[in-house]
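This briefing goes through selected side-chain features, grouped by topic. Please keep the sequence and the model in view while reading.

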Amino acid sequence: MTETQTIIQATLQGVTWVLIVLGWMVVNHQNNKRETRKEARSMSDLAKIATKKISSLSEKYLTTVQEDEQLSLEIKSELELLEVELERFPDFSKESPLMTKFSAFADSITGGEFEAKNRRADAQDADSVRKVRRSRTDLLSEIENQFSKHFK
Amino acid sequence: MSSFSISVAKDFSPSPAGRFPEDGPFPGAVFRDRILIPAIKGNDEVVVDLDGTDGFGSSFLEETFGGLVRSGYPEAILLQKLKVRSSRASYEVRVWRYIKKAESQKSK
């Protein structure tokens, strides 16, 4: 084997290894991206389920006349759990849309006469109930926006 | 400079709820009038720690902190004297929003 052939063979071997490493890096990157997307999908779905659950608890609370300390406690606790889920999104900070929508949702549920002794039961189509539904839908949309923005 | 720390859970109740005294034993107005206002009067800085409770309704937080503005403490003074701490970021954001809203309603 001539010296030139030896150099060509060595170069080809080197190129082969570089291609193998590059290929591995591409596949690894795609796998990581797929896994992150799966985790983010699951995180978004959990947050959306929690949002719907709280909205439903809130409607029950607003349309029921009796003082229900257990239910108000559950609503507050579930809101904190939802916030823990939302904190996993990259954009859950002071002036972010996700924080604004979450705060509006929490206010629509636990503001006003929440935990007031003499509160009255509202009708299913009362403004208070509609406000909860609107803020729930806004929050659900924002969760989906955040998923699209960061993980799609 | 004197600084004073208040833990809602330890110094008031782990189960704060409601706005007014008739709503229960640990409402926002009572926390504000008995604990928070005296602390603000007597200190240059007051740190309110919101951790360790069963959670807060906006009604409690609005009555406590928005109520500070209605009780004669403008936002400008509160920005200098009041610090809110919580492991849940939204509480701090909401507290300052209630203060700002009470301030804008006062000036109308």
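Is Phe147(A) buried or exposed? Phe147(A) is buried, because its relative accessible area is 0% and buried means under 20%. The model is a predicted one. The points below cover aromatic rings, charges over rings, salt bridges, a nonpolar surface patch and a few single residues.

**Aromatic pairs**

- Over all chains, a search of the whole structure finds 9 aromatic pairs.
- One of them joins Phe147(A) and Phe151(A), with ring centres 6.1 Å apart and planes at 35°, so this pair is tilted.
- Phe147(A) and Phe151(A) are 4 residues apart in helix α4 (residues 127-151) of chain A, a separation of about one helical turn.
- Phe151(A) has a relative accessible area of 17% and is buried.
- In chain B, Phe12(B) and Phe31(B) make a tilted aromatic pair, at 5.2 Å centre to centre and with 55° between the planes.
- Phe12(B) lies in the loop between α1 (8-11) and α2 (28-42) of chain B, and Phe31(B) lies in helix α2 of chain B, so the pair ties together parts that are 19 residues apart in sequence.
- Both Phe12(B) and Phe31(B) are buried.

**Charges over rings**

- The ring of Phe147(A) has the charged end of Arg41(A) over it, 4.2 Å from the ring centre.

**Salt bridges**

- The structure has 21 salt bridges over all chains.
- Arg41(A) also forms a salt bridge, with Asp45(A) as partner and 3.2 Å between the closest N and O atoms.
- Both residues, Arg41(A) and Asp45(A), lie in helix α1 of chain A, 4 residues apart, or about one turn of the helix.
- Arg41(A) is partly exposed at a relative accessible area of 24%, and Asp45(A) is partly exposed at 32%.
- Asp107(A) and Arg94(B) form a salt bridge in which the closest N and O atoms are 3.8 Å apart.
- This pair crosses between chains, running from helix α3 of chain A, which holds Asp107(A), to helix α5 (residues 89-106) of chain B, which holds Arg94(B).
- Asp107(A) counts as partly exposed at 24% relative accessibility, whereas Arg94(B) is buried at a relative accessible area of 3%.
- Within chain B, the side chains of Glu63(B) and Arg32(B) meet in a salt bridge at 2.8 Å, N to O.
- Glu63(B) is in helix α3 (residues 58-70) of chain B and Arg32(B) is in helix α2 of chain B; the pair links distant parts of the chain, 31 residues apart.
- Glu63(B) is buried, with a relative accessible area of 7%, and Arg32(B) is buried, with 8%.
- Through shared partners, salt bridges join Arg32(B) and Glu63(B) with Arg19(B), Asp33(B), Glu62(B) and Arg70(B) into one network.

**Nonpolar surface patch**

- Val15(A), Val18(A), Leu19(A), Val21(A), Leu22(A), Trp24(A) and Met25(A) make a nonpolar surface patch of about 690 Å².
- Of these residues, Trp24(A) is found in helix α1 (residues 3-62) of chain A.
- Trp24(A) is exposed, because its relative accessible area is 56% and exposed means over 50%.

**Single residues**

- Glu115(A) has a phi near 65°, a positive value in a residue other than glycine.
- Glu115(A) is placed in the loop between α3 (97-110) and α4 of chain A and is buried, with a relative accessible area of 5%.
- Ser7(B) is in strand β1 (residues 3-7) of chain B and is buried at a relative accessible area of 12%.
- Apart from its neighbours within four places in sequence, Ser7(B) is in contact with Phe12(B) and Asp49(B).
- Ser96(A), in the loop between α2 (69-86) and α3 of chain A, is buried with a relative accessible area of 7%.
- From C-alpha to C-alpha, Ser96(A) and Glu3(A) are 65 Å apart in space, and they are 93 residues apart in sequence.

Technical notes
Residues are numbered from 1 along each chain as its sequence is written. Chains are lettered from A and ligands numbered from 1 in the order in which they are written. This is a predicted model: local features need pLDDT of at least 70, side-chain atom pairs count only at pLDDT 80 or more; totals for chains, interfaces and linings use all residues. Side-chain values use heavy atoms; hydrogens and water are left out. Patches are made of residues with over 30% relative accessible area and no salt bridge: like charges are joined within 9 Å, nonpolar side chains (Val, Leu, Ile, Met, Phe, Trp, Tyr) within 5 Å. Accessible areas come from the Shrake-Rupley method with a 1.4 Å probe; for residues, only the protein chains shown count as cover. A salt bridge is a side-chain nitrogen of Lys or Arg within 4 Å of a carboxyl oxygen of Asp or Glu. Helices (H or I, at least four residues) and strands (E, at least two) are DSSP runs, numbered from the N terminus. Buried means under 20% relative accessible area, exposed over 50%, partly exposed in between (1.4 Å probe, protein chains only). Rings of Phe, Tyr and Trp (its six-membered ring) pair if their centres lie within 6.5 Å; planes under 30 degrees apart count as stacked, over 60 as edge-to-face and the rest as tilted. A charge sits over a ring if NZ of Lys or CZ of Arg is within 6 Å of the ring centre and within 35 degrees of the ring normal. Contact means heavy atoms within 4.5 Å.
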